[in-house]
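Q: Please look at the structure shown below. May we go through its features one at a time?

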Amino acid sequence: MAATPQAEMVGDSVVVSWPDGTTGRFHNFWLRENCFCPRCTHPNAWERMVDYLDIPLDIVPLTVDAESGGLRLAWPSEAGPGCDGTFYQWGWLDRHRTETEARRARTHRLTSWTGSDLTVADVTVPYGQFATTDNGLLAVCENLATVGIAMVTGVPIEDNSVLAVCERIGFVEETHFGRSWDVRSKPQAENLAYTSYRLRPHNDLAARRHLPGIQFLHCMANDAKGGESVLVDSIAVTERFRAEDPDGFELLATVPVTFSQIHEQWHLVNRGTVIELDVDGDVVGTRLHAAVMGPVDVAPETMADFYRAYRGLLAIAVDPAMHLTFRLEAGMCQIFDNARIVHARRAFDPSTGARHLRGAYINRDELWSRLEILRRKGTDFRGGVTDRF
Ligand code: OGA
Ligand code: ZN
């Protein structure tokens with residue numbers, strides 16, 4: 001049996017010495033306010049009831065005991081309903097260490113890819129498996145979480161199928177194009193996608209403050225010449241761009257520009273950076289959409305640098321070496337993370353046959369929630385005294 005970690009009070013914290021020789025420092029206030037006892041955490045809602053303002057900032061535990069299963073703490077009485085005593089399983093404390101390396105280690109890392117790293121077959125799940133088995137659904141969610149794309153084949157050619165595919169994962173995210181929308185070339189197109197022109201690599205609806213999360217495009221018919229689909233990993237594109245032009249990268253990641261989509265029925269204008277970074281400086285996505293960017297509102301002295309950088313990034317995004325190019329056949333549904341993946345379409349000739357896709361979105365949180373639910377299946381996710389987060 002593994003040795004029991006040791007715990008001692010040091011200054012304003014409890015320091016845990018783990019059997020592997022590492023230590024974790026847990027602040028007293030943090031240890032108090034995360035308590036899972038039924039007075040501090042609602043047993044059904046699993047949300048915090050203890051009030052931050054009732055806990056003295058300099059609270060010190062009365063006792064600290066390293067037991068074989070976890071850390072037991074008793075607290076002085078305070079305003080509010082009080083506490084029954086705190087117990088943290090060692091595993092829970094380990095998973096919630098707050099040292100910088102620990103926080104970084106548990107940040108989800110995206111696997112970047114270029115056109116030669118994967119094929120459509122690698123990320124394809126047949127509809128029957130997706131719709132009726134947990135493993136099929138999990139495979140789709142895992143693909144979206146790691147490489148940002150997934151494909152479901154054999155989806156029934158029916159108007160509402162795209163919504164059924166969405167709802168297998170989570171709630172539909174409605175936008176100004178509706179709960180779902182038809183992509184086909186038509187007169188009076190209110191969107192460049194509803195023409196037969198080529199679409200350069202883009203993130204959909206970049207003029208919205210929040211980009212729609214996960215995008216679904218279900219092919220109802222594709223008999224026209226041309227119109228091939230292209231998916232591009234913006235993590236790989238921006239990594240390459242950062243290596244080639246660090247200053248340009250910095251500019252696109254820090255200087256926001258305006259995106260606008262203006263029509264009789266909507267008026268969407270927002271600012272955002274073309275490259276989006278997380279707090280660690282890692283790229284989480286892009287806001288790349290030449291058709292709706294602008295008018296570019298950077299300072300006059302920055303204008304030339306901006307366009308140079310922007311063209312440099314675009315040149316990489318349109319490089320076929322970065323592309324996964326394929327023909328979407330009737331019944332296929334391509335699914336991708338709309339921030340992390342840029343998608344494109346070659347021009348097609350509508351006189352040669354019908355081309356009709358149906359699209360919809362779900363919020364990205366729905367994907368992550370479904371994925372975690374599938375991963376924890378069969379385990380007692382609260383594990384007696386377990387995770388709030
Ligand atoms: C879209 C789009 C791609 C296609 O509707 O947002 O990019 O293949 N469509 O028509
Ligand atoms: Zn699009």
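Q: How many Å separate a polar side-chain atom of Arg-345 from an oxygen atom of ligand 1?

A: A polar contact is a pair of N or O atoms within 3.5 Å; within protein, one must be able to donate a hydrogen and the other to accept it, and residues adjacent in sequence count only if both atoms are side-chain atoms. In this predicted model, the distance for Arg-345 is 3.0 Å. A polar side-chain atom of His-202 lies 3.1 Å from an oxygen atom of ligand 1, and for an N or O atom in the side chain of Arg-355 the distance is 2.7 Å.

Q: What percentage of the area of ligand 1 does the protein bury?

A: Accessible areas come from the Shrake-Rupley method with a 1.4 Å probe. Ligand 1 exposes 290 Å² when taken alone, and the protein buries 97% of that.

Q: Where are the centres of domain 1 and domain 2 relative to each other?

A: Domain bounds come from an automatic or database domain assignment. Here the assignment gives domain 1 (6–106) and domain 2 (120–373); their centres, taken over C-alpha atoms, are 42 Å apart.

Q: Over which residues does pLDDT stay under 50?

A: pLDDT is the predictor's confidence in each residue, from 0 to 100. The protein chain averages 94, but pLDDT stays under 50 over residues 384–389. Where pLDDT is low, the predicted coordinates should not be read in detail.

A: Residues are numbered from 1 along each chain as written, and chains are lettered from A and ligands numbered from 1 in written order. Local features need pLDDT of at least 70, side-chain atom pairs count only at pLDDT 80 or more, totals for chains, interfaces and linings use all residues, and side-chain values use heavy atoms, with hydrogens and water left out.

Notes
Contact = heavy atoms within 4.5 Å.
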